[in-house]
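Here is a short briefing on a two-chain model. Look over the sequence and the fold, then read the points below.

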Amino acid sequence: MTFTRLLSVAAISLGLVASAHAAGGSEKHPHPPEGGWTFEGPLGEFDQGALQRGYQVYTTVCASCHSMKLLSYRNLGEKGGPFYSPDYPANQNPLVKAIAAENEILGGLDDFGDPLYRAATPADRFKSPYPNDVAARAANGGALPPDFSALVKARPGGASYIYSLLSGYPDDPEYDGIFEFPGTFEAAADGHGDGEHGDEAHADGDKHELHGKLEQPLGQYYNPYMPGDVTPQWQGDPRHVPPGGFLAMPPVLIEGIVDYMDGTPATVDQMAADVATFLAWASEPKQGNRKSAGLKVIAFLTVFAVLLWLSYHQIWRNVEH
Amino acid sequence: MSDHQSTYNPQTGFEKWLDARLPIIRLGYDSFVGFPTPKNLNYWYTFGGILAVCLATQILTGVVLAMHYTATVDQAFASVERIMRDVPYGWLLRYIHAVGASMFFLAVYVHMFRGLYYGSYKEPREVLWILGCVIFLLMMATAFLGYMLPWGQMSLHGANVIVGLFGAIPIVGDALKTWLLGGPAIGNQTLQRFFSLHYLLPFMIAGVVILHIWALHVPGNNNPTGVEVKDVKKDTVPFHPYYTVKDGFAIVVFLIIFAAFVFYAPNVLGHADNYIEANPLVTPAHIVPEWYLLPFYAILRAITFDLGPIDAKLLGVIAMFGSIAVLFFLPWLDTSKVKSLRYRPVARQFFFGFVACTLILGWCGASNPDDPLPFMKLGQDRLVVDYVDTNGQPASSLYSEYEEAEAFIGGLPADANASIGIRKGAAIRFIHLAQLMTLYYFAYFLFILPWLGLSERPAREPDSIHKAVLKPADGAKSMPAAVAAE
């Protein structure tokens with residue numbers, strides 16, 4: 001039937017477009033934690049426990065460098081948020097009020113025109129670790145720690161990228177600034193092995209084991225999931241370069257660095273998954289509303305379409321066409 | 001039909017009073033209720049209605065978004081995020097508007113391919129087609145301007161690339177570029193003028209749409225047979241309720257697809273980099289336009305050679321704009337008297353080739369031009385060692401194994417300054433595919449259509465729409481098998 005052909009053409013062209021966006025990049029392909037994300041898919045929802053743990057990781061570890069300028073404390077208590085409680089509106093939530101009050105912020109001017117510092121309220125934005133970008137760079141060896149507000153939307157791979165990056169640093173006990181391939185660091189060499197020319201290697205149908213040494217520049221850390229090019233630092237065959245790049249952030253998640261309130265053991269994997277969940281929520285706090293509204297809208301449109309289809313056949317029943 | 005009599009019959013006193021003064025109800029009635037429409041229009045013909053819905057959706061959501069948006073470089077990015085986070089149902093408005101742009105283009109491309117297939121651009125519908133091309137051009141301009149507004153990384157650097165194209169024009173290029181940007185580089189003034197024009201152009205589109213519908217209603221609809229209406233009674237049905245219900249059904253099915261994107265994959269058609277606030281000092285690794293402009297982007301990049309005094313950059317720009325300009329001349333490039341490709345078996349094959357050509361161009365536009373095509377790598381990459389030989393002359397040698405290259409470097413004296421690089425193996429790359437497809441794109445309009453119209457022997461067209469839709473059709477034998485299966 002013409003109509004089904006029409007739909008398939010539309011589906012194919014959109015599919016082509018979606019796959020086209022996947023092209024490019026020399027880093028390892030990010031992957032979700034074992035068991036996947038609870039919040040993916042049309043019916044996916046955030047696990048509030050994971051959001052609370054993720055927030056704890058953020059405040060304990062990340063917040064000393066990374067701002068979240070677009071979030072307000074009240075967001076934490078809104079529906080779908082980490083500290084939502086059906087008993088209180090977001091700005092009355094006692095937990096949210098307490099979290100906000102821990103931060104002293106600049107709250108305008110006092111009656112004499114001097115800066116007024118006061119405890120934050122749920123209506124205030126998250127306090128940033130640095131007064132401005134210049135200060136942030138100065139404190140981080142020239143690198144600007146990205147703002148976390150929309151980070152998951154801003155990275156191909158989303159939450160899986162954050163999780164893979166944080167849990168994907170080479171774990172080398174003999175670390176002395178040089179990684180040897182193969183051997184001391186298996187994590188980067190296994191899996192896809194997409195080097196700079198990974199796509200071409202795939203086209204040949206062969207897979208090269210990486211042989212060589214990768215030297216980390218001072219103040220930079222190698223991560224196979226980080227977009228970039230490590231060729232200048234690679235001593236080995238330039239056709240088969242380790243995937244990934246260098247970033248200024250050291251592996252900050254160390255087992256046990258967070259003392260989870262709910263008693264969950266704070267493994268690197270657990271913390272990476274939790275904070276990625278929290279950031280996925282923060283990038284779009286309204287995504288729960290979006291998905292639940294979508295179900296109603298599509299159900300309505302489907303019923304409407306069926307009624308129109310029946311009307312169409314009724315109206316055209318006596319017309320040869 | 002120009003010759004069709006008005007069938008409006010004012011009933012109430014008010015209608016009669018108004019009809020004698022301003023016959024606006026008569027105009028609406030004759031255009032959208034009583035308008036005689038060929039009875040054999042298929043679902044490909046519903047995209048006109050779908051596009052009207054798309055335009056209305058974009059204008060309505062856009063007007064409300066503009067109430068909350070701030071067009072300054074310091075606040076634009078945050079204001080868009082604020083719309084999504086704090087404005088009641090702002091996320092819905094913004095996602096409908098962003099996804100709506102993609103849906104608008106999806107529908108317009110189907111609409112244009114339909115026009116190409118059924119010869120809807122031919123006499124007496126040349127002006128109708130040209131107005132459609134004007135709308136398409138305005139749509140591309142509006143989409144490009146709108147993409148700047150969220151002030152993400154792709155907004156800024158994409159705009160830089162596109163406006164940079166005007167810089168390729170000889171003599172006036174640089175002045176024109178400065179005039180468009182409102183200064184030597186993209187800045188606050190650029191964002192503000194883009195916002196202003198992004199608000200203006202949709203209303204110009206709406207104006208041309210009115211002309212487009214007017215130009216449609218003078219000759220009346222084309223139809224899948226390409227045979228003009230001969231007997232209004234036998235060949236046509238009134239637009240309402242026959243086509244309001246058919247278009248309505250198609251619109252709602254289209255809205256289901258639209259809603260699936262808005263609610264479940266709102267960002268899949270966009271680019272992640274555009275959620276990073278624009279920073280002129282950091283250039284994204286891959287600058288790509290939105291999917292609907294990719295085929296034209298591929299044509300722009302396919303031209304890598306100079307032609308006489310015209311350098312490759314300018315030639316690329318000419319090719320890209322030429323690929324749109326050629327559409328305006330289509331009514332006179334296609335020399336065939338037969339409208340519908342149903343009755344042109346050879347031209348139909350070339351048409352499907354053209355559809356594939358545009359999709360492949362889109363694929364090329366999204367890919368790195370230097371990457372080899374899948375399974376098209378013909379030779380191995382080799383290593384090339386560059387060094388200074390004993391006479392002080394630069395020299396190089398090639399190796400396929402790294403160990404050999406390393407051993408060679410080890411044997412060189414310390415002052416040889418050896419460095420190791422890659423010499424890429426032979427391959428058929430995206431750039432080659434894009435060049436081939438660009439050639440086909442232009443050949444289709446400039447050679448194939450004019451030549452086929454003169455040389456092809458078309459199948460026999462049905463005598464009338466009325467006869468074509470009767471089962472079993474009189475012309476069944478002369479119809480190609482593919483059509484009979486429809």
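Two strands pair if DSSP finds at least two bridges between them. Helices (H or I, at least four residues) and strands (E, at least two) are DSSP runs, numbered from the N terminus. This is a predicted model: local features need pLDDT of at least 70, side-chain atom pairs count only at pLDDT 80 or more, and totals for chains, interfaces and linings use all residues. Residues are numbered from 1 along each chain as its sequence is written, while chains are lettered from A and ligands numbered from 1 in the order in which they are written.

**Sheet in chain B**
- Chain B has an open sheet of 3 strands in the order E5-E4-E6, with antiparallel pairing.
- Its edge strands are E5 (394-399) and E6 (419-423) of chain B, and each pairs on one side only.
- The twist from one strand to the next averages 30°. Axes here are lines fitted to C-alpha atoms, for helices over the stretch in contact, and angles run from 0 to 180 degrees between N-to-C directions.
- E4 (residues 382-388) of chain B pairs with E6(B) over 5 bridges, in the antiparallel sense.
- B:Val384 stands opposite B:Gly421 in E6(B).
- Helix H16 (residues 402-411) of chain B packs on this sheet and touches E4, E5 and E6 of chain B. The direction of H16 makes about 5° with that of E4(B). Contact means that the C-beta atoms of two residues, placed from the backbone, lie within 7 Å.

**Helix pairs in chain B**
- Helix H15 (residues 345-366) and helix H17 (residues 430-455) of chain B pack at about 150°, with axes 9 Å apart.
- That makes H15(B) roughly antiparallel to H17(B). Angles under 35 degrees count as roughly parallel, over 145 as roughly antiparallel, 65 to 115 as roughly perpendicular and the rest as oblique.
- Residues of H15(B) including B:Phe350, B:Phe354 and B:Cys357 meet residues of H17(B), among them B:Met437, B:Tyr440 and B:Tyr444.
- This contact has 17 nonpolar, 1 polar and no charged residues. Ala, Val, Leu, Ile, Met, Phe, Trp, Tyr, Cys and Pro count as nonpolar, Asp, Glu, Lys and Arg as charged, and the others, Gly among them, as polar.
- The axes of H12 (residues 294-302) and H13 (residues 312-328) of chain B come within 7 Å and cross at roughly 150°.
- H12(B) and H13(B) are therefore roughly antiparallel to each other.
- The contact of H12(B) with H13(B) has 6 nonpolar, 2 polar and 1 charged residues.

**Sheet in chain A**
- Chain A has an open sheet of 3 strands, ordered E3-E4-E6, with antiparallel pairing.
- E3 (178-181) and E6 (234-236) of chain A stand at the edges with a single partner strand each, so one side of each has no neighbour in the sheet.
- E3(A) and E4 (residues 212-215) of chain A are joined by 4 bridges and run antiparallel.
- A:Glu180 stands opposite A:Lys213 in E4(A).

**Interface**
- In chain A, 51 residues are in contact with 57 residues of chain B.
- H9(A) gives the largest share of chain A's side, 15 residues.
- That side has 29 nonpolar, 11 polar and 11 charged residues.

**Confidence**
- Chain A has a mean pLDDT of 85, and 83% of its residues reach 70 or more. pLDDT is the predictor's confidence in each residue, from 0 to 100.
- Over residues 16-25 of chain A, pLDDT stays under 50.
- Over residues 187-206 of chain A, pLDDT also stays under 50.
- Where pLDDT is low, the predicted coordinates should not be read in detail.
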